[in-house]
Amino acid sequence: MKKSTVTVIGVIGIIVIGIVGYFIATYNSLASAENSVDAKWSQVENVMQRRADLIPNLVNSVKGSMKHETEIFSAITEARKEYNQASTPEEKVAADNKIDQSVGTMVSVIKESYPQLASNENVKTLMTQLEGTENRIAVERRNYITEVQSYNQNLVRFPKNLVAKMLGFEKKANFKAEPGAEKVPDVSFE
């Protein structure tokens, strides 16, 4: 074999090794990013599950000191049941939104109809836990949104987008609020 033929074969070999190495590195980074997105969603579910577990227990402890409307507690119980039965992120979000509505209604009724209970320690604990839980959910949703954005950006950037398409990686759906969530709720303290 001639020296030039060996050189050409060597150069082609190096190029092939470089391309294969790039595919492996790109696959590994996309797979890691996809797992990170899934982990962030699991944390969102974790804090929503915490709320689904915690709030009924707190409500039951407050229930004794409040002769509250049965409708609100039934709505919370039903929403919690739907959340526990949901299996997809979309179903979880829909059930979580029902919990949001039920809890919002309960908070409004407590403030409007039972102002004398504001000093009740059980009610204070409930309100603190509700606020803390809602803040945790908001933080985890934000973390999930950021992670999905980063992952999806990787899928559309050249040349990773070519490798991603060839290997079957797809964009992840981001968190979307329910229609009407952009409106400020009307809370009356009269």
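Biologist: Which residues does the UniProt annotation "transmembrane region" cover?

Modeller: Residues 6-25, according to the UniProt record, which is an unreviewed entry. Keep in mind that the structure here is a predicted model.

Biologist: How much of residues 6-25 is helix, and how much is strand?

Modeller: That stretch is 100% helix and 0% strand. Its end C-alpha atoms are 28 Å apart.

Biologist: Which residues form a nonpolar patch on the surface?

Modeller: Val8, Ile12, Val16, Val20 and Ile24. Together they have about 430 Å² of accessible area.

Biologist: Take valine 20. Which helix is it in?

Modeller: Valine 20 sits in helix α1, which spans residues 3-63. Its relative accessible area is 44%, so it counts as partly exposed.

Biologist: And phenylalanine 23, what does it touch?

Modeller: Leaving out residues up to four places away in sequence, phenylalanine 23 touches Val163 and Met166. Phenylalanine 23 also lies in helix α1, and it is partly exposed, at 27% relative accessible area.

Biologist: How far apart are phenylalanine 23 and leucine 167 in sequence and in space?

Modeller: In sequence they are 144 residues apart, and in space 9.4 Å, taken from C-alpha to C-alpha.

Biologist: Stepping back, how many helices and strands are in the chain?

Modeller: There are 5 helices and 0 strands. Along the sequence the pattern reads α-α-α-α-α.

Biologist: What share of contacts joins residues at least 24 apart?

Modeller: 75%, counting contacts between residues at least 6 apart in sequence.

Biologist: And what percentage of the residues count as buried?

Modeller: 31% of the 190 residues. The accessible surface of the chain is about 12,000 Å², and carbon and sulfur atoms account for 56% of that.

Biologist: Which residues touch the most other members in the largest nonpolar core?

Modeller: Val59, Met106, Leu130, Tyr144 and Phe169, out of 31 residues in that core. Helices α1, α2 (70-85), α3 (89-113) and α4 (121-156) each supply at least two of the core residues. The largest share is from α1, with 11 residues.

Biologist: What does leucine 130 touch?

Modeller: Its contacts are Ile55, Val103, Met106 and Val107, again without residues up to four places away in sequence. Met106 is another of the core residues that touch the most other members.

Biologist: Is threonine 133 buried or exposed?

Modeller: Threonine 133 is buried, because its relative accessibility is 0% and the cut-off for buried is under 20%. Threonine 133 is in helix α4. It touches Val47, Arg50, Arg51 and Leu54, with residues up to four places away in sequence not counted.

Biologist: Now charges. How many salt bridges are there in the whole structure?

Modeller: A search finds 5. One of them pairs lysine 172 with aspartate 38, with the closest N and O atoms 3.2 Å apart.

Biologist: Where do lysine 172 and aspartate 38 sit in the chain?

Modeller: Lysine 172 is in the segment after α5 (160-167), while aspartate 38 is in helix α1. The two are 134 residues apart, and the pair links distant parts of the chain. Lysine 172 is partly exposed at 22% relative accessibility, and aspartate 38 is partly exposed at 37%.

Biologist: What about glutamate 78, what is its salt bridge partner?

Modeller: Lysine 81, with closest N and O atoms 3.9 Å apart. Both residues lie in helix α2, 3 residues apart, about one turn of the helix. Glutamate 78 is partly exposed at 39% relative accessibility, and lysine 81 is partly exposed at 41%.

Biologist: And arginine 141, which residue does it form a salt bridge with?

Modeller: Aspartate 96, and here the closest N and O atoms are 2.3 Å apart. Arginine 141 lies in helix α4 and aspartate 96 in helix α3, so the pair ties together parts 45 residues apart in sequence.

Biologist: Are arginine 141 and aspartate 96 buried or exposed?

Modeller: Arginine 141 is buried, with a relative accessible area of 15%. Aspartate 96 is buried too, at 0%.

Methods:
Residues numbered from 1 in each chain as written. Predicted model: local features only at pLDDT ≥ 70, side-chain atom pairs only at ≥ 80, totals over all residues. Heavy atoms only, no water. Helix = DSSP H or I, 4+ residues; strand = E, 2+ residues; numbered from the N terminus. Buried < 20%, exposed > 50% of the residue type's maximum accessible area, 1.4 Å probe, protein only. Contact = heavy atoms within 4.5 Å. Areas by Shrake-Rupley, 256 points an atom, 1.4 Å probe, with all protein chains shown as cover. UniProt positions renumbered as here; feature names shortened; annotations may be inferred. Patch = residues over 30% accessible without salt bridge, like charges linked within 9 Å, V, L, I, M, F, W, Y side chains within 5 Å. Salt bridge = Lys/Arg side-chain N within 4 Å of Asp/Glu carboxyl O. Core = buried A, V, L, I, M, F, W, Y, C linked by side-chain atoms within 4.5 Å.
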